[in-house]
Structures are given as C-alpha cells and as structure tokens.
Amino acid sequence: MLATEIEAKPFLKWAGGKRQLLGQFELEYPLTLKNNEIKTYIEPFVGGGAVFFELTKHYNFEKIVLNDANHELINTYKSVKNEVDAVIERLKEMEEEYLPLETENRKEIYYARRDNFNDEKKELNFNQFTKAHIEHAAKFIFLNRTCFNGLYRQNQSGEFNVPIGRYKNPTICNEENLIAVSKALENVILTSGDFEKTEKYIEDQTFIYIDPPYRPLPGTKSFTKYARADFNEESQKRLADWAEKISEEAFLMLSNSNPKNTDSKDDFFEELYSEFDISEVSAKRSINSNAAKRGEITELVIKNYN
C-alpha cells in the first residue's frame with residue numbers, strides 16, 4: 001500500500017486525546033451526520049485531532065474548519081499540510097541525530113532544542129508563513145514525541161517547559177502517516193485564535209465538536225495552560241454562553257470532565273448546560289498522582305440534540 005493510501009491518524013500526542021473514546025462517540029453523533037447530510041464540520045479546539053481524523057474516514061464534508069488557540073500547534077498543522085516533504089526531511093535529520101545517543105547526550109540535545117523553540121516563538125509572525133515556520137513545526141513535533149507524556153504546557157512567559165521523556169526508541173518521524181495527514185488536510189481551513197472566531201464558518205447543516213481544555217477535577221492536579229492564556233472557569237462559562245448562542249444554527253457536541261468523579265454534589269456543568277442533553281462516557285485517565293487510584297472514570301458529552 002502506498003503512503004498516500006494509508007488512513008491518516010493523529011501525528012501528535014495530546015493530553016486528553018479522544019482516540020480511546022471514538023467508539024463511544026459514534027453513538028453520540030447526530031443522525032444528520034450519520035446520514036451524511038452534514039456539509040460543514042468545525043472544531044474550535046482541534047488539539048491532536050483524533051475526532052477529525054476519524055470522521056473524515058467515514059463522512060464527506062464540503063467544508064472543514066480546524067482551529068486552536070495554540071499558534072504553534074496550528075503552525076505545525078499548516079506546515080504538514082503545505083510543506084510535508086520539508087517537515088519530513090528535517091525530522092529525519094533530528095531523528096538520526098537523537099536516537100543513537102545515550103541518555104545524557106539526549107538531554108543536552110532536547111533542552112537545547114527546547115530553548116531554540118522558545119526563542120523562535122518570540123520572533124515568528126504566525127500570520128505570515130515562511131521557511132522558518134517549517135523549522136519551528138519540525139521542532140514542535142520533535143519535542144512532542146520526546147517530551148514527558150506528550151504534554152504541551154507553558155509557563156507564565158509563554159515558554160514551552162515540559163521536561164524530557166524517558167523513551168528508549170521514540171518515533172520522531174512517521175513518514176507514511178505525515179504524508180497521509182497532509183493529504184487529509186488538503187482542503188481544510190486552519191485558523192488560530194479564540195474559539196468564537198469559528199462562528200463565521202457556520203452554514204446550513206453544520207456539526208461542531210467542541211473539546212476545550214477540561215475543567216480540572218476537584219482534588220486533582222491538572223493544568224489548563226496549553227496556550228498563553230489559562231482556560232479557567234470563566235472561560236468555561238463564556239464557552240457555554242457561546243454554545244447557547246449558536247445552538248439554533250448548528251449541531252453541537254461538547255466534551256468535558258465529569259466533576260462527579262470526585263464530588264457527587266458538583267453540578268457545575270448541569271447548571272451551565274441546563275438546556276442541553278448531558279450523557280457520560282467511560283475513559284481511562286490518570287487523574288491522581290497515586291497509581292493505585294488511577295483507572296476508569298466518566299467524562300461528559302454535552303449535546304444540543306437528542
């Protein structure tokens with residue numbers, strides 16, 4: 001099978017990724033989608049894109065819009081879409097340099113590359129694509145594949161600060177999948193910014209899947225700073241207001257944490273989405289630093305349709 005014939009799958013690790021939930025999500029999608037009547041598909045928080053890649057295997061859309069507040073992430077999608085050969089070439093160089101090294105030498109390469117990545121961020125204009133953006137995207141993928149748990153986290157200065165992971169033989173350049181991803185993104189509109197900017201793309205028969213940074217579960221450690229600004233409870237409320245505003249224009253499906261995993265009296269989302277349908281799906285997540293307390297939890301699926 002040629003590389004361009006394989007099915008594209010997420011090329012980045014992403015905290016809270018939805019690959020494990022895709023089978024359950026299939027039961028939650030609107031009938032209009034299953035009947036192939038949806039013309040426009042929008043993701044305001046694309047992240048690793050698991051739902052996008054899965055839906056495009058089964059459904060035909062006239063328009064697809066993928067957005068994220070993380071400019072470096074969208075730059076990486078754009079680079080893979082438009083300059084996949086150059087991205088692959090650079091990743092192969094990084095992989096050949098990194099993999100033969102012992103642990104201490106790997107650390108030296110990783111942290112030097114992380115510093116370079118953060119320096120580049122300060123200079124790049126993400127509204128004007130250049131060859132420098134391709135190099136930045138290759139570093140993004142390298143760091144994602146070699147950092148701890150594939151996290152993307154920023155400090156108060158907006159610098160990527162995730163430490164190196166402990167992988168013996170990480171896949172840094174999956175050439176076949178990157179080519180397939182580039183093909184899958186061929187006609188996709190990629191935008192970077194606040195979720196509300198995707199509203200202008202809503203047309204007749206639109207399905208919007210909304211996967212914001214999750215509200216941290218009470219009593220657990222989590223983070224919502226994967227872009228320069230925190231996605232806090234006020235942001236969750238603003239998102240709910242926006243969802244209500246556009247609920248007459250499109251089919252909406254949202255994901256979020258279920259606070260009742262740790263506090264049975266926490267009705268945060270029931271109150272925010274009182275006019276929506278709320279159901280639960282099962283997920284295996286690490287929500288506790290104590291390994292004995294990790295395991296299956298439930299997450300919420302919030303819809304404006306039955």
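In this briefing, helices (H or I, at least four residues) and strands (E, at least two) are DSSP runs, numbered from the N terminus. Strand E2, for example, covers residues 63–68 and holds aspartate 68. The model described here is predicted. The protein chain is divided into domain 1 (21–69 + 193–303) and domain 2 (72–174). One cavity of 30 Å³ or more is counted, and helix H7 gives the most to the lining of the largest cavity.

**Domains**

- Domain 1 is made up of two stretches of the chain, 21–69 and 193–303.
- Domain 2 is given as 72–174.
- The centres of domain 1 and domain 2, taken over C-alpha atoms, are 27 Å apart.

**The cavity**

- The count of cavities of 30 Å³ or more comes to one.
- The largest cavity holds about 50 Å³ of space.
- Its lining consists of Phe117, Phe140, Leu143, Asn144, Cys147, Leu151, Tyr152 and Phe160.
- Seven of the lining residues are nonpolar, one is polar and none is charged.
- Helix H7 (residues 131–146) contributes three residues to this lining, the most of any element.

**Helix H7**

- The 16 residues of H7, at 1.5 Å a residue, should span 22 Å, and the 23 Å between its end C-alpha atoms agrees with this.
- H7 is largely enclosed by the rest of the structure, because 13 of its 16 residues are buried.
- A residue counts as buried when its relative accessible area is under 20%.

**Positions listed by UniProt**

- An unreviewed UniProt entry lists Trp14, Lys18, Asp68 and Asp211 under "binding site".
- Tryptophan 14 lies in the segment before helix H1 (22–25).
- The relative accessibility of tryptophan 14 is 18%, so this residue counts as buried.
- Aspartate 68 is placed in strand E2, and its relative accessibility of 0% means that it counts as buried.

**Buried residues and C-alpha distances**

- Phenylalanine 25 is part of helix H1, and it is buried because its relative accessible area is 1%.
- Between the C-alpha atoms of phenylalanine 25 and methionine 253 the distance is 9.6 Å, although the two residues are 228 residues apart along the chain.
- Arginine 113 sits in helix H6 (residues 103–123) and counts as buried, with 8% relative accessibility.
- Arginine 113 and lysine 139 are 26 residues apart along the chain, and their C-alpha atoms are separated by 7.1 Å.
- Isoleucine 297 belongs to strand E7 (residues 295–303), and its 10% relative accessibility makes it count as buried.
- Asparagine 258 is found in the loop between strand E5 (251–257) and helix H10 (268–272).
- With a relative accessibility of 3%, asparagine 258 counts as buried.
- Asparagine 258 and lysine 34 are 224 residues apart along the chain, and 26 Å separates their C-alpha atoms.

**Positive phi angles**

- Most residues other than glycine have a negative phi.
- Asparagine 149 is not a glycine, yet its phi is positive, at about 60°.
- Asparagine 149 lies in the loop between H7 and helix H8 (175–184).
- The relative accessible area of asparagine 149 is 48%, so it is partly exposed.
- Glutamine 205 also has a positive phi, near 60°, and is likewise a residue other than glycine.
- The loop between strand E3 (189–192) and strand E4 (206–210) is where glutamine 205 is placed.
- Glutamine 205 counts as partly exposed because its relative accessibility is 25%, and the partly exposed class runs between the limits of under 20% for buried and over 50% for exposed.

Conventions: Residues are numbered from 1 along each chain as its sequence is written. This is a predicted model: local features need pLDDT of at least 70, side-chain atom pairs count only at pLDDT 80 or more; totals for chains, interfaces and linings use all residues. Side-chain values use heavy atoms; hydrogens and water are left out. On a 1 Å grid over the protein atoms alone, a cavity is a set of points where a 1.4 Å probe fits but cannot get out, and a pocket is an open set with protein on both sides within 12 Å along at least five of seven lines; lining residues have an atom within 4 Å of a point. Grid points are joined across faces, edges and corners, and a volume is the space filled by probe spheres set on the points. Ala, Val, Leu, Ile, Met, Phe, Trp, Tyr, Cys and Pro count as nonpolar, Asp, Glu, Lys and Arg as charged, and the others, Gly among them, as polar. Domain bounds come from an automatic or database domain assignment. The expected span of a helix is 1.5 Å times one less than its number of residues. Buried means under 20% relative accessible area, exposed over 50%, partly exposed in between (1.4 Å probe, protein chains only). UniProt positions are given in the numbering used here, feature names are shortened, and annotations may be inferred rather than shown by experiment.
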